[in-house]
Amino acid sequence: MKRPIRLAALLLPAMLWHTTVQAADAAVSRLKRQPAVKAALQFLRDDDARTLEEQIAITQIPAPPFKESVRAQDFAERLRAAGLTDVSIDAAGNVIGKRNGVGQGKGESNAPLLVISAHLDTVFAEGSDVTVTQKDGRHFGLGIIDDSRGLVALLSVLRAMEHAKLRTVGDVWFVGTVGEEALGNLRGVKALFAEHPGIDGFISVDGVDTPEQARAGKPGIVTQATGSRRWEATFTGPGGHSFGNFGNPSAVHALGRAVAGIAELRPPADPKTTFNVGVVSGGTGVTAIAAQATLQVDMRSNDADELRALERRVLDIIDHAVEAENARWSSTAVRVERRLVGDRPASTRNTDRSVSDAAVGAYVALGLAKPELDFASTDANVPLGLGIPAATLNGGGIGDKAHSPDEWYEHVNAWQGPQILLLTTLRLAGVAGHSKPALVDR
Ligand SMILES: [Zn+2]
C-alpha cells in the first residue's frame, strides 16, 4: 500500500498544478477575445514605433546610482501625459502612478492591488556619455535595455488601457523604482513594500531576450529570486614588530583562520547555495604584526532558509576565528566588526504561482513559445521574499551586453513585450464586467 500512496502524493499536486496552468492559459485566451482587449492589443502594435523614440529619449536622461531624480520627474510627466492623474514621487524617490479599478471602495470581495514596475536607475556613473547611437539596425546606449525598455513598456500598456477604456477590477499601480542596481540594494522596491503592505502582486519589467533566446524560440521570465547577503568583516589588533612584539595576536592571522573555516563549508547544491570570499586586504608590511585586516564575503541562495543558515555559519566562523587567534596568544586584543554591505531577499518556499501562471498564459494566448522560468536577482526579489506572487518579464525586442558600455538593443517584434504585460496585468487585476482577478486580495 505504501507505493501507490507515495505515487499519489507525488502525482496529485503535479496534476493539480497542470490543471491550474491550463485553466490560466484558457482564461487569458478568453480575455484576449474581448473587443476592448483586442483594441488594446492592436493599439500596442500601432504604438510600437513610439516606444522606440521614447526609449531613446529616456536613455539620454542620465540616471546614475542614487541620482535618479531627473529621470523620475520625466517619468512622472510621461505617466500624466498617458492619462494618469494620481502620480507622485515617494520619499525614497519612486514614481507611483495609480489607476484605480472599479472594485475600489465598492465592497468587492476580491479587489486586489497589482504593481507593475520598471527601474529608473542605471549602473553607469555620473558623467557617462548617455548619447544613443545607431549602427546596422542596432541602438547602442547605456541602459537602453536595462531598464529604459521596461519603462516604455509600462507607458505603452498604460496608453493602450486608456485608449481602449479598459477598466480593471483591482487597482493597478504603474511604478518606476529607484536603486535596483548593485549598491542601490533594491532600496526603492523595499521602501515600496514597507510603505504599502496591501500590495497583492508584483511585476517588474526588466531586460529583453538575447538574440540566442529569440533564435531558439526559448524566451525566459524570472519567477524565483536568488537572494544574496554580503558582509564585510574588519579585524583589528594591537599590531607591533614581528620580532620585538612576537606574542601579540594578529588581525591577518585571525582573518586567515576565518577564510580557512569558510572555505570548508558545504552548502547544498539544490537549492543552489554559494559563498565566496572575494576580497581580502590588511597589514602594512612584512615585518609588522597586522593591526588591521578586512574581508568581504558574498553568500547567495535560491532559498531564504538556506541563505539564513549559511549566513549564520559564516558569521559564527568569523567570531570563532577571533576567539581562536586570541586563545592562541592568551590575549583578548583582536576584535572584529561586521557590516552588512548587501541584502537581496531570496524566494521563500511559497506556492502562489498566480503571477507566473498569468504570464505563461499570456505567452500561450499570443501564440508564442512558453517561457522558461528562471532564477535571478531583480526588484521581484523583495515580494518573492515576502511570499507575495511576483515575476520579472521582458520589455520586448532583443539585445545584449547590459551593464557594459556596449549595451545594445534591436527593435524586433518589440510590441510583444507590452502585449504580454497587458494580458498578464488584465488576467491578474481582472477586467470589469468580463473576468475576475486571478490575484487574491490578501
Ligand atoms: Zn535591470
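**Strand pairing and domains in a predicted model**

In this predicted model, strand E7 (residues 201–205) and E14 run parallel and are joined by four bridges.

Q: What makes E7 and E14 a pair of strands?
A: Pairing takes at least two bridges found by DSSP. E7 and E14 have four bridges, so they count as paired. Ser-204 stands opposite Thr-392 in E14.

Q: Why are both faces of strand E14 (residues 390–393) called covered?
A: Ala-390 and Thr-392 on one side are buried, and so are Ala-391 and Leu-393 on the other. Buried means that 20 or more other C-beta atoms lie within 10 Å of the residue's own. In a regular strand, side chains alternate between the two faces of the sheet.

Q: Why do strands E10 and E12 stand at the edges of their sheet?
A: The open sheet has the order E10-E11-E9-E12, with antiparallel pairing. Strand E10 (273–282) and strand E12 (335–344) each have a single partner strand, so one side of each lacks a neighbour in the sheet. From one strand to the next, the twist averages 15 degrees.

Q: How do you know that strand E9 (residues 227–236) pairs with E12?
A: Nine bridges join the two strands, against a requirement of at least two, so they pair. One of the bridges links Ser-228 to Arg-344 in E12.

Q: What makes domain 1 and domain 2 touch?
A: Contact requires C-beta atoms within 7 Å. Nine residues of domain 1 are in contact with seven residues of domain 2. The touching side of domain 1 has one nonpolar, seven polar and one charged residues.

Terms used
Residues numbered from 1 in each chain as written. Predicted model: local features only at pLDDT ≥ 70, side-chain atom pairs only at ≥ 80, totals over all residues. Buried ≥ 20, exposed ≤ 12 C-beta atoms within 10 Å, placed from the backbone. Contact = placed C-beta atoms within 7 Å. Nonpolar A, V, L, I, M, F, W, Y, C, P; charged D, E, K, R; others polar. Axes fitted to C-alpha atoms, helices over the stretch in contact; angles between N-to-C directions.
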